There are 2 protein chains.
Amino acid sequence: MKLFALDTSTPRVVACYVDDEKKIFVELETKAKHGIQVSQVVEKMAEVDFGNLNIVGIGIGPGGLTGLRVGISFAYGLGIGNKFVQISSLKLIALNGLFYNGYIAVVRKAREGYLYSALYKPENGKLDEIVSPFIETVDLINERYREFSPKLFLGDGAEFFESDVKLNKFELSELSLPTARNLYLLACEEIENERFVNDIEPLYLQKSIAELNFEKRKKEGSV
Amino acid sequence: MKLFALDTSTPRVVACYVDDEKKIFVELETKAKHGIQVSQVVEKMAEVDFGNLNIVGIGIGPGGLTGLRVGISFAYGLGIGNKFVQISSLKLIALNGLFYNGYIAVVRKAREGYLYSALYKPENGKLDEIVSPFIETVDLINERYREFSPKLFLGDGAEFFESDVKLNKFELSELSLPTARNLYLLACEEIENERFVNDIEPLYLQKSIAELNFEKRKKEGSV
């Protein structure tokens, strides 16, 4: 098996390449745009024959719209005619808390005042999805998760919530980003369960500003 | 701060480079020797000015002797005149179980019949070292850890022990290897606590075959 997987849902682009001979995991966070970062990651995998992959895995979000578009387009270009597996970018972050004895709530900043979120429960090395990804305000996310305890909040929105584990700010920020190893683990879980897709379906959850503007203009009768 | 850190204690060489502009995390597992793997990792960090580092971090083991020697020599060459921080290669693996609600026993294969081991307890995002690294047989390790419960065993020797978490073989093998992100976290912990050293002290724990042979010959009066 020759697997390449990529997640561009956060400022830290993570990628893995695995075949019978080697495993290469790269994580890159720069001030460059996602398109540049993806190229930089690929440059670091110079020994990989990208024309000869079997499976392409891609983090489908939710997360930053532009980053996701770049990542998904790249995966499409790379994998066309091959098998794709889709990885939830929130689950990817939740996997940092794999051994937590309780619920893991991933919360990531979306449009002003809103957060993407999903809730997971670790069980023998796997994560059960308890609440599927949705987009809501801090108050309503708190409300929705009230019944679940204890909780660990991970993600760039974790500062708005109170975890039952006390992490310092630096560690929380690192544990709120994906890792290439976990991307590999989740890609393998998809492969094992034969959840292959032909079309990649990004999990945008929220409409882009262009779409919102278009709808607004449509409503106003100007388009 | 310009930090480079490296761990060569396992078949998966992991490295991180961090400055104000970028974070680069690389993990590489090939069939090549550690010396080659270190070069391959460095090649993947082409944008790094290795002549201009402030701090060099190095995984000091315990682990494979040759790998450690290669890594430590490289760190020495790279960091001479700079500050060094030392990272326990067992703690680095233990950090994979950061949120485990119990004790994490890292067990790694050493010379035939023996394992390196150390015991940690996670507490609010840090690991307390409960039992310092030592080398013993499976039976005596089990004996020594009897009073600690529940336990999670990580490392390439985990197959000889019974964890209170059931992981499948594939996940256990991945969670038994270091990650570059965790290397970065532990290096930062050393830096924060100003545990800088001038001389790197590898944690070999066991004598090399050359040393054992030499002692044997000395005892026999042939040297």
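I began inside chain A, where 26 residues of domain 1 are in contact with 16 residues of domain 2 of chain A (contact means heavy atoms within 4.5 Å). Before going on, I noted that this is a predicted model, where local features need pLDDT of at least 70 and side-chain atom pairs count only at pLDDT 80 or more, while totals for chains, interfaces and linings use all residues. I also noted that residues are numbered from 1 along each chain as its sequence is written, that chains are lettered from A and ligands numbered from 1 in the order in which they are written, and that side-chain values use heavy atoms, with hydrogens and water left out.

**Entry 1: the domains of chain A**

I looked up the bounds: domain 1 of chain A is 3-88 + 178-215, and domain 2 is 90-175. Such bounds come from an automatic or database domain assignment. Taken over C-alpha atoms, the centres of the two domains of chain A are 22 Å apart.

Next I checked the area: domain 1 and domain 2 of chain A bury about 1800 Å² between them, 54% of it on carbon and sulfur atoms. Buried area is the accessible area (1.4 Å probe) that two parts lose on being put together, summed over both. On the domain 1 side, Ser88(A), Leu205(A) and Gln206(A) supply 30% of the buried area, more than any other three residues.

How many salt bridges are there between domain 1 and domain 2 of chain A? I found 2, where a salt bridge is a side-chain nitrogen of Lys or Arg within 4 Å of a carboxyl oxygen of Asp or Glu. I also wrote down 7 residue pairs in polar contact between these domains, both residues at pLDDT 80 or more. A polar contact is a pair of N or O atoms within 3.5 Å; within protein, one must be able to donate a hydrogen and the other to accept it, and residues adjacent in sequence count only if both atoms are side-chain atoms.

Then I asked which elements give two or more residues to the domain 1 side of chain A, and they are helix H6 (180-192) and helix H7 (209-219). Helices (H or I, at least four residues) and strands (E, at least two) are DSSP runs, numbered from the N terminus. H6(A) has the largest share, 6 residues. That side divides into 12 nonpolar, 9 polar and 5 charged residues. For the classes, Ala, Val, Leu, Ile, Met, Phe, Trp, Tyr, Cys and Pro count as nonpolar, Asp, Glu, Lys and Arg as charged, and the others, Gly among them, as polar.

**Entry 2: Arg12(A)**

I followed Arg12(A) for a bit. Arg12(A) forms a salt bridge with Glu174(A), the closest N and O atoms being 2.8 Å apart. Glu29(A) forms a salt bridge with Arg12(A) too, with the closest N and O atoms 2.8 Å apart. This second pair links distant parts of the chain, 17 residues apart: Glu29(A) is in strand S3, and Arg12(A) is in the loop between strand S1 (3-7) and strand S2 (13-18) of chain A.

**Entry 3: chain B against chain A**

I moved on to the two chains, where 40 residues from chain B and 40 residues from chain A take part in the contact. Chains B and A bury about 3700 Å² between them, 55% of it on carbon and sulfur atoms. In chain B, Lys44(B), Phe99(B) and Arg181(B) lose the most area to chain A, together 21% of what that side buries.

I counted 4 salt bridges between chain B and chain A. Lys44(B) turned up again here, in a salt bridge with Glu47(A) (2.9 Å, N to O).

Which strands pair across the two chains? I found S3 (residues 23-29) of chain A and S3(B), antiparallel over 7 bridges; two strands pair if DSSP finds at least two bridges between them. In this pairing Glu27(A) stands opposite Phe25(B).

I then traced the whole open sheet of 12 strands, which runs from S10(A) to S10(B) with mixed pairing. S10 (196-197) of chain A and S10 (196-197) of chain B are the edge strands, each pairing on one side only.

I saw a cis peptide bond from Gly61(A) to Pro62(A), with omega near 5 degrees. Pro62(A) is in the loop between strand S4 (55-59) and helix H2 (65-79) of chain A. In chain B, the bond from Gly61(B) to Pro62(B) is cis as well, with omega near 5 degrees.
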